[in-house]
Amino acid sequence: EYKPNRKPDFIKFKISRRPGSSLPAAEAPDLFVSGLADELKKLGVSEVGIKELLTRFDEEDILPWVESIKLGYSKVDKNVTGFLISALENGFEIPKGYIKFREEQMDKAEKNRERLRKEEQARERERARLQTEKQLTKIWDDLSDEERKDQLEEAIKLLKATDPAAYDFVNKDSMKKYGIPLTEITVDMYESAQIIIKGAISDSISQILKGRGQGLPPVKEKA
């Protein structure tokens with residue numbers, strides 16, 4: 001009954017989408033933009049069936065069944081729409097073979113993410129190393145010949161004192177390549193040496209320069 005000058009009462013309704021509900025979404029999206037809609041279409045589901053499925057059920061619930069059918073874990077001869085509706089309405093258990101497949105895929109994906117993460121960390125360390133090397137090369141270049149000679153001698157002594165096994169290995173390499181012990185290596189020989197000798201001595205020089213508040217020596221490629 002209408003009564004003048006009476007304020008209207010407002011009642012709020014909350015409509016939720018649940019499996020089995022035939023209520024459409026308030027604003028129907030362009031369902032065929034969805035990748036899932038395309039996959040349903042490939043399985044032979046009609047446009048009407050696609051709209052019904054995507055309106056009544058959540059995509060995350062539909063997707064495993066679609067994938068299970070595509071991969072052959074769920075056998076459907078005809079009426080894919082009816083099968084999917086029945087499976088989703090009645091809470092059918094997804095085939096165990098599909099569950100195992102998905103677990104294996106997730107495990108592979110996790111391992112791949114971990115591999116990519118490690119590769120990115122390695123690239124980041126290399127970028128940092130190159131940047132530091134570029135910034136600090138001038139430190140070594142600005143040393144006089146005598147200062148470089150002193151640095152080299154000090155580095156070889158430090159290597160022998162802190163890592164005797166590494167020193168012995170590098171010393172043998174020096175004897176093999178140059179016919180002289182590591183202690184007789186010259187600055188020019190160090191700067192043009194290959195990775196075994198250069199790397200070990202550079203690490204020691206780096207420790208010396210860092211201890212003096214300077215930085216890493218340059219790593220010059222052999223011409």
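Buried means under 20% relative accessible area, exposed over 50%, and partly exposed in between, with a 1.4 Å probe and protein chains only. The structure is a predicted model, in which local features need pLDDT of at least 70, side-chain atom pairs count only at pLDDT 80 or more, and totals for chains, interfaces and linings use all residues. Residues are numbered from 1 along each chain as its sequence is written, and side-chain values use heavy atoms, with hydrogens and water left out.

View 1. In the pair formed by Arg-127 and Glu-120, the closest N and O atoms are 2.8 Å apart. Arg-127 is partly exposed, at 42% relative accessibility, and Glu-120 is also partly exposed, at 35%.

**View 2. The salt bridge between Arg-56 and Glu-89.** The closest N and O atoms of this pair lie 2.2 Å apart. Because Arg-56 belongs to helix H2 (residues 47-56) and Glu-89 to helix H4 (residues 80-90), the pair ties together parts that are 33 residues apart in sequence; helices here are DSSP runs (H or I) of at least four residues, numbered from the N terminus. Arg-56 is buried, with a relative accessible area of 11%, whereas Glu-89 is partly exposed, with 42%.

**View 3. The salt bridge between Glu-67 and Arg-102.** The two side chains meet at 3.5 Å, N to O. Glu-67 lies in helix H3 (residues 59-70) and Arg-102 in helix H5 (residues 96-141), so the pair joins parts that are 35 residues apart in sequence. Glu-67 is partly exposed at 24% relative accessible area, and Arg-102 is partly exposed at 28%.

**View 4. Helix H7 (residues 164-178) and its buried face.** The 15 residues of H7 reach 20 Å from the first C-alpha to the last, close to the 21 Å expected at 1.5 Å a residue, the expected span being 1.5 Å times one less than the number of residues. Tyr-167, Val-170, Asn-171, Asp-173 and Ser-174 are buried in H7. Seen down the axis of H7, these buried residues fall within an arc of 160°, so they line one face of the helix; the arc is that of the directions from the helix axis to the C-beta atoms. The buried residues pack against helix H6 (145-162) and helix H9 (195-211), where contact means heavy atoms within 4.5 Å. On the other side of H7, Ala-165, Phe-169, Lys-172 and Lys-176 are exposed.

Methods: Salt bridge = Lys/Arg side-chain N within 4 Å of Asp/Glu carboxyl O. Helix = DSSP H or I, 4+ residues; strand = E, 2+ residues; numbered from the N terminus.
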